[in-house]
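Colleague: I would like to go through this model step by step. Please look at the sequence and the structure first.

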Amino acid sequence: MTRTAILGVGHYVPSKVVTNDDLAKMFDTSDEWIQQRTGIKERRFIEEEGIGPADLAVPAVKMACEKAGIEVSEIDAIIFATLSPDHEFPGSGCFLGDYLGLPGVPALDIRNQCSGFLYGLQIADAWIRCGMYERVALVGGEVHSTGIDLSDEGRDVAVLFGDGAACAILGPTEEEGRGVMDVEVHADGSGAKELWIEAPASKYIPRITHEMIDQRKVWPAMNGKQVFRWATSKMPEVARSVLERNGVGVADIDLLVPHQANRRINEFVAQKLELPTEKVVHNIHKYGNTTAASIPLALSEAMQEGRAKKGDLILMAAFGSGFTWGASLVRL
Ligand SMILES: CC(C)(COP(=O)(O)OP(=O)(O)OC[C@H]1O[C@@H](n2cnc3c(N)ncnc32)[C@H](O)[C@@H]1OP(=O)(O)O)[C@@H](O)C(=O)NCCC(=O)NCCS
């Protein structure tokens with residue numbers, strides 16, 4: 001049976017390191033507060049204006065192709081997951097295809113926030129298993145630093161996010177046991193306004209006004225406690241569901257690669273699943289929350305460090321704005 005294999009993974013983060021102390025110089029916060037509540041020590045921001053998620057994705061895709069042993073020119077479809085697209089339209093995938101020199105290659109942008117990589121994985125898996133495409137570049141890329149309010153008023157959100165991109169090259173495999181076993185994703189829009197940006201909005205005439213800017217509707221707004229509550233309930237729930245319906249026990253998991261939103265959330269998820277800490281990947285201390293990029297970025301680093309290797313059974317789980325959430329089981 002043809003399955004979808006992760007052939008290679010790559011990542012790229014901008015070089016500008018922004019520590020918690022750097023943020024504390026801009027607004028009222030502290031390294032202690034941020035580390036205690038989130039586990040974040042630093043994050044990366046783009047070095048200068050003019051760098052978008054598609055720019056960050058270029059080196060990530062090249063690295064993923066190299067790891068997969070393919071040429072960039074062999075990519076026959078792009079899926080770009082982002083909540084911070086380079087421009088309102090067209091999608092970042094179109095820009096990326098152009099930067100990579102892939103005219104004519106289809107590019108699909110998806111807007112599933114922190115669960116974007118898992119939503120994209122489900123789409124790519126279906127495409128590949130039905131024989132539609134053979135080399136799909138599944139990208140998660142974000143530039144958050146230009147869209148957060150780096151002031152006292154925005155501090156609850158501003159400390160959480162960082163910029164980065166990562167890519168998985170997916171393709172068919174006949175290797176026994178290898179590949180994507182399952183992807184389960186969910187959404188519940190009743191929580192949409194718990195973590196969102198209200199404006200600009202096509203439902204308002206005009207879409208943006210000075211008043212909306214003054215009312216801070218252009219910045220992300222988050223009910224942190226609600227998000228925390230939902231994430232710690234839904235991530236273990238969907239992870240268990242995927243394990244159960246595939247007859248996989250927790251002991252069979254080699255590594256949990258969770259979305260990196262908050263170290264406390266991921267420790268809680270691991271505890272609920274009864275997974276030992278050494279089987280959980282954390283890199284939030286270095287990058288903060290890179291949203292759609294966070295799972296492939298964590299997987300790419302784990303593979304680079306030799307923590308995740310061929311034959312390993314990887315459990316991925318995510319929760320994010322929407323609300324959206326999901327989990328996947330993949331044998332590398
Ligand atoms: C954001 C989060 C860390 C906040 O932690 P918390 O314990 O709920 O903190 P609270 O929001 O209750 O705020 C506690 C206090 O710290 C203050 N505070 C908020 N942000 C702060 C910051 N960056 N630095 C210092 N103090 C801050 C608050 O104003 C509040 O002060 P008060 O008690 O005087 O009113 C936590 O709710 C969380 O991680 N939620 C999930 C967020 C998430 O994962 N988002 C992405 C999902 S994909």
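Colleague: How many bridges join strand β4 to β5, and do the two run parallel or antiparallel?

Modeller: This is a predicted model, in which local features need pLDDT of at least 70 and side-chain atom pairs count only at pLDDT 80 or more, while totals for chains, interfaces and linings use all residues. Residues are numbered from 1 along each chain as its sequence is written. Helices (H or I, at least four residues) and strands (E, at least two) are DSSP runs, numbered from the N terminus. Between β4 (residues 77-81) and β5, with Ala81 opposite Ile110 in β5, the strands run parallel and the number of bridges is 4.

Colleague: How many residues of α11 are buried?

Modeller: A residue is buried if 20 or more other C-beta atoms lie within 10 Å of its own, exposed if 12 or fewer, and partly exposed in between. The buried residues of α11 include Ile295, Leu297 and Met303. The helix spans residues 294-304 and is mostly covered, the count being 9 of its 11 residues.

Colleague: Why does Gly164 count as buried?

Modeller: Gly164 is found in strand β7. Its contacts, leaving aside neighbours within four places in sequence, include His11, Tyr287 and Leu297. Tyr287 is 123 residues away in sequence, yet 8.0 Å away in space, C-alpha to C-alpha. Gly164 counts as buried because its C-beta neighbours inside 10 Å number 31.

Colleague: In the sheet β8-β13-β12-β11, why is one side of β8 and of β11 left without a neighbour?

Modeller: This open sheet has 4 strands and mixed pairing. β8 (179-187) and β11 (255-258) stand at the edges, so one side of each is left without a neighbour in the sheet, each having a single partner strand.

Colleague: Which helix packs on that sheet?

Modeller: Within the sheet, 8 bridges join β12 (residues 313-320) to β13 (residues 324-331), and these strands run antiparallel. Touching β8, β12 and β13, the helix has a direction at about 125° to that of β8; it spans residues 116-129 and is α5.

Colleague: Which helix gives the most residues to the shell around the ligand?

Modeller: A residue is near a molecule if its C-beta atom, placed from the backbone, lies within 6 Å of it. Of the 19 residues around the ligand, those that come nearest include Thr29, Arg155 and Gly224. At least two shell residues come from each of α2 (31-38), α6 (155-158) and α8 (224-245). With 5 residues, the helix that gives the most is α8.

Key
Two strands pair if DSSP finds at least two bridges between them. Two residues are in contact if their C-beta atoms, placed from the backbone, lie within 7 Å. Axes are lines fitted to C-alpha atoms, for helices over the stretch in contact, and angles run from 0 to 180 degrees between N-to-C directions.
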